Amino acid sequence: MLKNEIKRLILIVLGAVLMAVNINTFVHSASLIPGGFSGLALLIQNIFRTYFEVNLPFSILVYIFNIFPIYIGFRYIGKKFTLYSMVMIILSGLLTDIIPGLKITDDILLCSIFGGICNAVAINCCLMADSSSGGTDFISIYVSEKTGKSAWNFIMAGNFCVLLVAGILINWNAALYSIIFQYVSTQVLNLLYRRYEKITLLIVTDKPDEIYKIIKEQTNHDATVFNGKGCYQGVEHPMLYSVVSGSESGNLEKQIRLADPDAFINVIRSKSIVGRFFKRNLD
């Protein structure tokens, strides 16, 4: 649908603008090194500026680093997903070279915290548009699609190698505060983006057929019906058991409450799921 494609583009543009402003404001003010290939590009910029007095364009470095991740995207994730991600990569790179930074604060701790939050929100905009900000996001999403588990914390571990080089060659103070930046960004992103989180729903309802229809139409997941007996009143009630993704649970719970205001819903975060579990493929 055209409306959906326009929404995706708006989210991508918003994410690109926010990421560029964040880099030119919080990141540059405190000489921080964000995660992923953006951080690597900024590190190389700093090295060339410090040791060779050469200013390399941020966009060119980011485009070069993303060649292989884009290949992974086209080959293993999804063509439209990768095309939208390329729009994000191109826009964020160009805007970072063009948009002037804002002078908000020189406090390195505040820059680390709020820069990390802005970075997570920018990436989340891309993920909500079924795209990514490029670089390690492609790798992370590829791993998550294959394993069903979040890979953000593993990507963060890889970023420490870049910070080690930054500390040795540039500035240990900025490198150590960059760990705070990346930690805040990772935790906020895990909070905002719940596609790979599994939620178990236990629904006690007298309208099992109607509730199951909602679950099937909204999520394409199945459900199992158990017959239970309330201990207090001794009345029998059907109970539906279903597992959905974290991004689907909130809206699904609202739809169930509309269909049956008397339904009792127990929402449980599932650590892992073994067996067949429907996952929507990225386009």
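This is a short tour of the structure, stop by stop, with something to select at each one.

**The whole chain**

Start with everything shown, and keep in mind that this is a predicted model. The protein has 283 residues, and 45% of them count as buried. Colour by secondary structure and look for 11 helices and four strands. Along its principal axes, the C-alpha trace spans about 80 × 40 × 30 Å. Among contacts with a separation of 6 or more, 76% join residues 24 or more positions apart.

**The largest nonpolar core**

Next, select M19, L32, F58, M88, F138 and L189. These have the most contacts inside the largest nonpolar core, which has 36 residues. Which helices supply at least two residues each of this core? They are α1 (2–30), α2 (36–52), α3, α4, α5 (79–98), α6 (108–128) and α9 (172–192). Colour α1 on its own for a moment: nine residues of the core, the largest share, come from this helix. In soluble globular proteins, nonpolar side chains tend to be buried together.

Now keep F138 and show what surrounds this residue. Beyond its neighbours within four places in sequence, F138 is in contact with P69, I70, G73, I77, F81, T82, S85, I89 and S132. Another core, of 13 residues, lies apart from the largest one; L201, I203, I214 and I215 are among its members.

**Two helices side by side**

Select residues 58–65 for helix α3 and residues 67–77 for helix α4. Two packed helices are described by the angle between their axes and the distance between the axes. Here the angle is about 45° and the axes are 4 Å apart, so α3 and α4 are oblique to each other. Show side chains where they meet: Y63, I64 and F65 come from α3, and I67, F68 and P69 from α4. By class, this contact has six nonpolar residues, with no polar and no charged ones.

**A serine in a strand**

Move to strand β3, residues 236–245, and pick S242. Is S242 buried or exposed? Its relative accessibility is 2%, so S242 counts as buried. Leaving out residues up to four places away in sequence, S242 touches I199, T200, L201, I215, H221, D222 and A223.

Most residues other than glycine have a negative phi. The next two picks go the other way.

- Select E53, in the loop between α2 and α3. E53 is not a glycine, yet its phi is positive, about 55°. With 72% relative accessibility, E53 counts as exposed.
- Select N220, in the loop between α10 (208–219) and β2 (224–229). N220 is not a glycine either, and has a positive phi of about 65°. Its relative accessible area is 33%, so N220 is partly exposed.

**Last stop: M128**

Finish in helix α6 by selecting M128. This methionine is exposed, with a relative accessible area of 52%.

Methods
Residues numbered from 1 in each chain as written. Predicted model: local features only at pLDDT ≥ 70, side-chain atom pairs only at ≥ 80, totals over all residues. Heavy atoms only, no water. Axes fitted to C-alpha atoms, helices over the stretch in contact; angles between N-to-C directions. Parallel < 35°, antiparallel > 145°, perpendicular 65-115°, else oblique. Contact = heavy atoms within 4.5 Å. Nonpolar A, V, L, I, M, F, W, Y, C, P; charged D, E, K, R; others polar. Buried < 20%, exposed > 50% of the residue type's maximum accessible area, 1.4 Å probe, protein only. Core = buried A, V, L, I, M, F, W, Y, C linked by side-chain atoms within 4.5 Å.
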